[in-house]
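Subject: Structure handover

Hello,

Here is the structure I promised to pass on. Please open it and keep it beside this email as you read.

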Amino acid sequence: MAAQLDGVLEKDLQEKIKKSKILVVGAGGIGCEVLKNLVLTGFLDIEIIDLDTIDVSNLNRQFLFHKEHVGKSKAKVARDSALGFNPNAKIKAYHDSIMSNNYGVNFFQQFTLVLNALDNRAARNHVNRMCLTSGIPLIESGTAGYNGQAELIKRGLTQCYECKPVPGQKSYPGCTIRNTPSEPIHCIVWAKHLFNQLFGESNDDEDVSPDTADPEAGAEVGEAALAKDANEKGNVDRVSTRAWAKQCDFEPEKIYNKLFFEDINYLLSMANLWKSRTPPKPIKWESLVGEGEEEVTDSVTRDQKVLTHAQSAKVFGESIKALRESFTKLPEGDHLVWDKDDKHAMDFVAACANIRAEIFGIPRKSRFDVKSMAGNIIPAIATTNAMTAGFVVIQAFGVLKEQYEKCFPIYVRLKLSGNNQFITRDKVMIPPNPKCYVCAAKPEVVLKVDTKNVTVRELRDDILIKALNMVSPDVTLDGTSTIVISSEEGETDCNDDKKLVELNIVDGCVLKADDFLQNYELSITILHKDPGREEAAFEIIGDPDSLKPKEEEQSAEKKDDAQPSTSSGQNGSSSNGKKARHDDLQSEVCIIHDDEEMPSTSKAGTSGATAGSSSSGVEKRKHVEDSDEPVSKKVKVSSEQDDSDDDLIIMDD
């Protein structure tokens with residue numbers, strides 16, 4: 001081991017390596033390389049955490065794993081394999097989510113340094129906040145194909161993970177997905193929505209039926225089809241896609257004809273849609289029966305080959321039968337979760353996407369291409385993972401020597417730099433964003449939201465947890481004793497379905513959000529907005545100053561020569577000419593929300609619940625009595641958060 005050999009490393013660094021305690025978060029492509037590097041360097045006290053298990057697809061790049069390890073815990077197998085390099089090392093493995101309430105500030109404070117090897121934005125944000133709160137240096141790393149990076153995050157010295165701007169989520173108008181797809185990705189998104197409508201967590205915003213509210217279709221849209229479906233009273237009896245599928249026992253032929261023949265004919269009745277477009281061509285199941293097609297049995301060939309319509313229809317039928325069998329075994333009210341690595345779920349989406357593409361005259365894709373697009377994956381390169389992991393340990397040396405000013409971000413790039421180098425580093429340390437809503441002295445955001453229609457449940461799940469990355473938030477209305485959301489189970493359940501305006505959350509009011517686990521408080525100023533039909537119901541603005549009139553901004557700049565705003569948009573975007581990250585490397589950004597969005601992690605509610613007597617002390621917490629007993633909460637965190645596979649990088653278009 002390098003630290004045990006005199007002359008390899010300086011004496012002082014040798015001693016610090018032996019005495020340090022390191023936490024590695026994630027045991028995927030980068031995590032395996034980092035763990036191996038740490039052990040071979042001479043680090044003796046290491047802990048590694050990962051919730052994931054080993055899949056066959058991991059074996060070509062996560063070299064600590066072998067065929068016999070498939071299905072086992074990544075963290076535990078990585079530990080056992082790494083001990084083979086140095087049996088004297090003390091390595092503790094956790095098969096768990098780092099976002100569990102078992103790993104609070106006290107857990108993080110026992111480490112000298114934390115090394116992130118994740119591809120999950122929610123988990124990365126959480127570790128970022130925990131390290132900021134506990135004062136422990138964090139080395140963040142990520143790869144995207146041939147690009148990689150490693151950088152130090154230290155409170156007060158560098159920007160944090162959430163200081164930098166994050167590209168907005170790529171989304172598509174619902175009417176395009178449902179009525180007029182023109183690209184393969186439109187068909188893939190539709191197919192994923194269909195999976196959820198039939199077998200997954202159903203969402204009204206992911207309806208796959210023709211959209212009769214499409215403004216382009218005109219006022220007389222689908223009259224003939226509506227008249228045909230009307231009952232004796234002239235009304236149309238609406239049945240959910242899943243309820244209808246259950247009625248016909250998920251029969252592939254009936255589902256196929258409904259989706260690809262009847263619904264397409266319905267779309268054709270919307271004549272205005274096809275004045276400047278090529279109309280789709282409906283196809284019946286019966287027309288495909290008996291077509292002589294060579295069956296593709298080899299899995300590799302099947303992944304790479306673009307299947308014919310008849311072959312896709314056969315895969316469609318087989319996958320529905322398999323999914324139906326899995327779905328019917330679940331407890332009442334439970335559902336399947338789409339996973340790109342689940343054979344039948346992936347087969348279903350690929351087949352549906354290609355069938356729909358054929359009908360709309362869109363080029364079909366191979367199963368491999370559909371999987372890459374549906375999972376938003378940039379394939380991992382083992383060499384990039386290894387190089388990036390090396391940079392992580394080099395950065396760790398700088399931290400142990402407390403030479404923070406020399407720990408500039410390091411990048412590996414596919415394209416050569418201006419100096420003909422593919423390994424580069426920043427020449428300056430990027431300081432914290434003073435407008436960051438995480439690491440600023442007084443974190444605050446402006447929330448533009450439809451207060452008349454957005455519910456408290458949506459405020460908690462979609463805004464605080466999914467968009468603002470909290471785990472178990474408590475929310476009070478500033479200036480009042482009203483508790484809007486509580487992380488204590490059952491305390492505010494009756495608020496869940498209430499509109500914000502019903503709790504006097506209106507234009508101009510301020511909410512105080514507090515996450516006990518993250519030790520994080522945020523001030524949220526509410527601005528009411530009336531969103532358009534295809535516009536999101538809310539918008540988060542990281543820099544409240546960006547809402548000032550231009551004249552006011554210019555006057556303020558002249559008056560005190562203030563620094564320009566360094567953030568705007570959801571996480572704040574740089575406007576001072578400095579790059580928060582290299583533009584060609586975004587470690588993970590979602591374009592299709594499905595599997596990586598955090599599930600609802602807390603129950604909220606109670607109308608007009610009031611906080612009895614206010615508590616005193618530095619820590620603001622509800623129901624704190626004059627007692628020496630510590631405050632504890634039941635933090636409800638999903639145990640299924642995937643914290644690894646850093647080598648599968650989710651990108652934005």
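Leaving aside neighbours within four places in sequence, which residues is Ser-523 in contact with? They are Pro-443, Glu-444, Val-445, Val-510, Leu-511 and Lys-512. Contact means heavy atoms within 4.5 Å.

Some ground rules come next. This is a predicted model, where local features need pLDDT of at least 70 and side-chain atom pairs count only at pLDDT 80 or more, while totals for chains, interfaces and linings use all residues. Residues are numbered from 1 along each chain as its sequence is written, and side-chain values use heavy atoms, with hydrogens and water left out.

**The chain as a whole**

The protein chain has 17 helices and 17 strands. These are DSSP runs, numbered from the N terminus: helices are H or I with at least four residues, strands are E with at least two. Of the 653 residues, 52% count as buried. Buried means under 20% relative accessible area, exposed means over 50%, and partly exposed lies in between (1.4 Å probe, protein chains only). Now take the contacts in the chain with a separation of 6 or more: residues 24 or more positions apart account for 72% of them.

**Back to Ser-523**

Ser-523 is in strand β14, residues 520-528. Its relative accessibility is 13%, so Ser-523 counts as buried. Tyr-437 is 86 residues away from Ser-523 in sequence, yet their C-alpha atoms are 8.9 Å apart in space.

Two packed helices are described by the angle between their axes and the distance between the axes. Axes here are lines fitted to C-alpha atoms, for helices over the stretch in contact, and angles run from 0 to 180 degrees between N-to-C directions.

Start with α13 (residues 343-359) and α14 (residues 367-374). They pack at an angle of about 100°, with axes 10 Å apart. The two helices are therefore roughly perpendicular to each other. The cut-offs are under 35 degrees for roughly parallel, over 145 for roughly antiparallel, 65 to 115 for roughly perpendicular, and oblique for the rest. On the α13 side, the contact is made by Lys-343, Met-346, Asp-347, Val-349, Ala-350 and Asn-354. On the α14 side, Arg-367, Val-370 and Lys-371 make it. By class, this contact has four nonpolar, one polar and four charged residues. Nonpolar covers Ala, Val, Leu, Ile, Met, Phe, Trp, Tyr, Cys and Pro; charged covers Asp, Glu, Lys and Arg; the others, Gly among them, are polar.

Helix α14 also meets α7. Their axes come within 10 Å and cross at roughly 75°. So α7 and α14 are roughly perpendicular to each other too. Pro-184, Ile-185, Ile-188 and Lys-192 of α7 meet Val-370, Met-373 and Ala-374 of α14. That contact divides into six nonpolar, no polar and one charged residue.

**Aromatic rings**

How many aromatic pairs does a search of the whole structure find? It finds 18. Rings of Phe, Tyr and Trp (its six-membered ring) pair if their centres lie within 6.5 Å; planes under 30 degrees apart count as stacked, over 60 as edge-to-face and the rest as tilted.

Phe-195 and Phe-199 have ring centres 5.9 Å apart and planes at 55°, so this pair is tilted. Both residues are buried. Phe-199 and Phe-327 also have centres 5.9 Å apart, but their planes are at 70°, so that pair is edge-to-face. Phe-199 lies in the loop between α7 (184-198) and α8 (223-229), and Phe-327 in helix α12 (residues 309-328), so the pair ties together parts 128 residues apart in sequence. The relative accessible area of Phe-199 is 0%. For Phe-327, relative accessibility is 9%, which counts as buried.

One aromatic cluster includes Trp-190, Phe-195, Phe-199, Phe-327 and Phe-348. Arg-356 lies over the face of Trp-190, at 4.3 Å from the ring centre. Elsewhere, the charged end of Lys-21 sits over the ring of Phe-111, 5.5 Å from its centre. A charge sits over a ring if NZ of Lys or CZ of Arg is within 6 Å of the ring centre and within 35 degrees of the ring normal.

**One more residue in α12**

Gly-317 is found in helix α12. Gly-317 is buried, with a relative accessible area of 5%.

Best wishes
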